Amino acid sequence: MRRANAKVASGNLRLVRILTAEDVEFVFPGTGAFAQHSTTRAELLDWLLRRIALAPDLTITDVVVSGTPWSMRIAMSFVEKIGEDYSIEGLERVVVRGLRVRSIRVYMDTEVVAAWESRHPEVGAVSEIAAR
């Protein structure tokens, strides 16, 4: 999981394309520039490209896996840092069915994210530029 996340963070989305279902559900909570509830691989890939543009430093602190490759649940706790004034702990829950990722939900303190975005209005602009 750590190696896969490192590849994604570097912009290599090949594994995401291979392992996610076309109708993967993705939820990143909140109301800010990165809040999203989507139901397609294309929307997930667009979101990842926008997020990667911010060059976050993501450290996975723990991984828990339950089930078989055909019906698996994965939980990853992480610490994400961007620049000097943003650091947040979160949890990502991944559901795998039939060897494909079917659902990804990110849980983090949305107030911390909103406060950071309000201090950095350019985040919305980076998000829009990366989406093009």
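D23 is found in strand β1, which makes this residue a handy way into the fold. The model here is a predicted one. Leaving aside residues up to four places away in sequence, D23 touches T39 and R102. R51 is another matter: 28 residues separate D23 from R51 in sequence, and their C-alpha atoms sit 20 Å apart in space.

Stepping back to the whole chain, there are 5 helices and 6 strands. Read along the sequence, they come in the pattern α-α-β-β-α-β-β-β-β-α-α. The C-alpha atoms fill a box of roughly 45 × 30 × 25 Å along the principal axes. The radius of gyration is 14 Å, and this agrees with a compact globule, because a chain of 132 residues packed that way would come out near 14 Å.

Now for the sheet. The 6 strands form an open sheet, ordered β2-β1-β6-β5-β4-β3, with mixed pairing. At the edges are β2 (36–38) and β3, each of which pairs on one side only. Ignoring direction, neighbouring strands are turned by 15 degrees against each other on average. As a reminder, strands of a sheet pair through backbone hydrogen bonds, either parallel or antiparallel.

On to the next pair: β1 and β6 run parallel, with 4 bridges joining them. Here E25 stands opposite S103 in β6.

Next come β5 and β6, which pair in the antiparallel sense over 8 bridges. The bridge partner of G90 in β6 is M108. These two strands form a hairpin with 2 residues between them, and G98 in the turn has a positive phi of about 60 degrees.

β4 and β5 also pair in the antiparallel sense, over 12 bridges. Several facing residues can be picked out along this pair: A75 stands opposite R93 in β5, F78 stands opposite G90 in β5, and V79 stands opposite E89 in β5.

The walk ends at β3, which runs antiparallel to β4 and is joined to β4 by 11 bridges. D62 has S77 in β4 as its bridge partner. This pair, too, is a hairpin, with β3 joined to β4 through 2 residues.

Helix α4 (residues 110–119) lies across β4, β5 and β6, and runs at about 125 degrees to β5.

That leaves the open space in the model. About 870 Å³ lies in the largest pocket. Of the 37 residues that line this pocket, M1, N5, V8, M76 and E92 are the closest to its centre. Two or more lining residues come from each of α1 (2–9), α2 (14–19), β1 (20–28), α3 (41–52), β3 (57–68), β4 (71–82), β5 (86–97) and β6 (100–108). The biggest share belongs to α1, which gives 6 residues to the lining. By class, the lining has 29 nonpolar, 3 polar and 5 charged residues.

Notes
Residues numbered from 1 in each chain as written. Predicted model: local features only at pLDDT ≥ 70, side-chain atom pairs only at ≥ 80, totals over all residues. Heavy atoms only, no water. 1 Å grid on protein atoms, 1.4 Å probe; cavity = no way out; pocket = protein on both sides within 12 Å on 5 of 7 lines; lining within 4 Å. Points joined across faces, edges and corners; volume = space filled by probe spheres on them. Nonpolar A, V, L, I, M, F, W, Y, C, P; charged D, E, K, R; others polar. Pairing = 2+ DSSP bridges. Axes fitted to C-alpha atoms, helices over the stretch in contact; angles between N-to-C directions. Contact = heavy atoms within 4.5 Å. Rg over C-alpha atoms; globule rule 2.2 N^0.38 Å.
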